[in-house]
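Biologist: Could you walk me through this model, one part at a time?

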Amino acid sequence: MKLYNSVSRILLEHNASFFIIDEPWDILVNRDDLAGHLLSRIHTSKVADATDVEQWLGAGSILPPISRQEVWAAGVTYLKSRDARMEESQGSGAASLYDRVYDAARPELFFKAAASRVSGHLQQVYIRKDSVWNVPEPELTLFINSNGSIQGYTCGNDMSSRSIEGENALYLPQAKIYEKSAALGPCLYVTSALINGETAIKMIIMRNDVVVYEDQTKVSRIKRSFTELVEYLYRECDFVHGCYLMTGTCLVPSPDFTLQEGDVVDISIDGIGILTNTIAFNPKHNS
């Protein structure tokens, strides 16, 4: 099942039909057995008209699947991410930090975004004006309820300023946390089962309608289990409305690639859908 958050309605997609859910997002999703609850709501919810669905899920109407949840992220959980972080940090002498994190018992976890800084499907994400090396980072993202139980999944884009992080590892917050530096969507995929390890994660970057990057991998390439990451995140943090956790970067463009204004990034995960974002600068730089 897929839950869509839009300006007008919350929509539940099940077996090619859409149902209108009249319940606040935070109350709706933050529960145990979310999948069972949604199945029960199908029998009492109104079926949405196809024309309305097209309007409610169109550009400018669809929202990220988030309300008052925080977004956190895990780092260096894939070998490709470790190698990329070591490469970008050679000049600062911090390359060994990432090697040690990859093999350490404790994972790297960091705050990524408040809900107000998160973009949705067909919305813009920003690159920093003071960074010369910017990349998107496709990540399978968990939705975890307030009890620490994984209830769903979505596509995540953990935008990163690699030149800033590479300059000094202590600059990580500036490289990762800024306006529209994260995107989630297009929906919250709800299932009672753990996502299959053979699930493919893909990323395509278009520039002037030409593919400039394309690659894919599998969820099974991750080094740490989802339950391990969640357990560490919830050890000393309470999330009253639940939390989103990006599980790590699995695809990394080559070092000679950086995003440009107007680029279009498609991140797709089997079973969930495609998250599409356009690259832009914060409009405040135009003033």
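Modeller: We can go through a sheet, the cores, a helix, some backbone details and a pair of serines.

Modeller: Before that, this is a predicted model, in which local features need pLDDT of at least 70 and side-chain atom pairs count only at pLDDT 80 or more, while totals for chains, interfaces and linings use all residues. Residues are numbered from 1 along each chain as its sequence is written, and side-chain values use heavy atoms, with hydrogens and water left out.

Biologist: Okay, what is the order of the strands in the open sheet?

Modeller: The order is E9-E19-E18-E15-E16, five strands with mixed pairing. Strands here are DSSP runs of E with at least two residues, helices are runs of H or I with at least four, and both are numbered from the N terminus. Two strands pair if DSSP finds at least two bridges between them.

Biologist: And which strands stand at the edges?

Modeller: Strand E9 (123–126) and strand E16 (210–218) do, and each has a single partner strand, so one side of each is left without a neighbour in the sheet. From one strand to the next the twist averages 25°, where axes are lines fitted to C-alpha atoms (for helices over the stretch in contact) and angles run from 0 to 180 degrees between N-to-C directions.

Biologist: In what sense do E18 and E19 pair?

Modeller: Strand E18 (residues 264–269) and strand E19 (residues 273–280) are antiparallel, paired over six bridges, and Val 265 stands opposite Asn 277 in E19.

Biologist: Switching topic, which residues touch the most other members of the largest nonpolar core?

Modeller: Those are Leu 11, Leu 140 and Phe 226, in a core of 51 residues. Helix H8 (residues 226–233) gives the most to this core, with four residues. A nonpolar core is a set of buried Ala, Val, Leu, Ile, Met, Phe, Trp, Tyr and Cys residues joined through side-chain atoms within 4.5 Å, and buried means under 20% relative accessible area, with exposed over 50% and partly exposed in between (1.4 Å probe, protein chains only).

Biologist: What does Leu 140 touch?

Modeller: Not counting residues up to four places away in sequence, Leu 140 touches, among others, Tyr 153, Ile 195, Phe 226, Leu 245 and Ile 269, a contact being heavy atoms within 4.5 Å. There is also a second, separate core of 28 residues, which includes Ile 21, Ile 66, Ala 113 and Leu 188.

Biologist: What about helix H2, which residues are buried?

Modeller: In H2 (residues 34–42), the buried ones are Leu 34, Ala 35, His 37, Leu 38, Arg 41 and Ile 42. Seen down the axis, they fall within an arc of 160°, so they line one face of the helix; the arc is that of the directions from the helix axis to the C-beta atoms. What covers them includes strand E1 (2–6), helix H1 (25–29) and strand E12 (150–158).

Biologist: Now the backbone, where is the cis peptide bond?

Modeller: A cis peptide bond joins Gly 185 and Pro 186, with omega about 5°, and Pro 186 lies in strand E14 (residues 182–190). Separately, Val 76 has phi near 55°, a positive value in a residue other than glycine; Val 76 is found in the loop between E6 and helix H4 (79–88) and counts as buried at 3% relative accessibility.

Biologist: Last one, how far apart are the C-alpha atoms of Ser 131 and Ser 161?

Modeller: They are separated by 6.0 Å, although the two residues are 30 residues apart along the chain. Ser 131 lies in the loop between E9 and strand E10 (134–135), while Ser 161 is in strand E13 (residues 160–161).

Biologist: And what do their side chains contact in polar terms?

Modeller: The side chain of Ser 131 makes a polar contact with the side chain of Asn 134 (3.1 Å), and the side chain of Ser 161 makes one with the side chain of Asn 134 (3.1 Å). A polar contact is a pair of N or O atoms within 3.5 Å; within protein, one must be able to donate a hydrogen and the other to accept it, and residues adjacent in sequence count only if both atoms are side-chain atoms.
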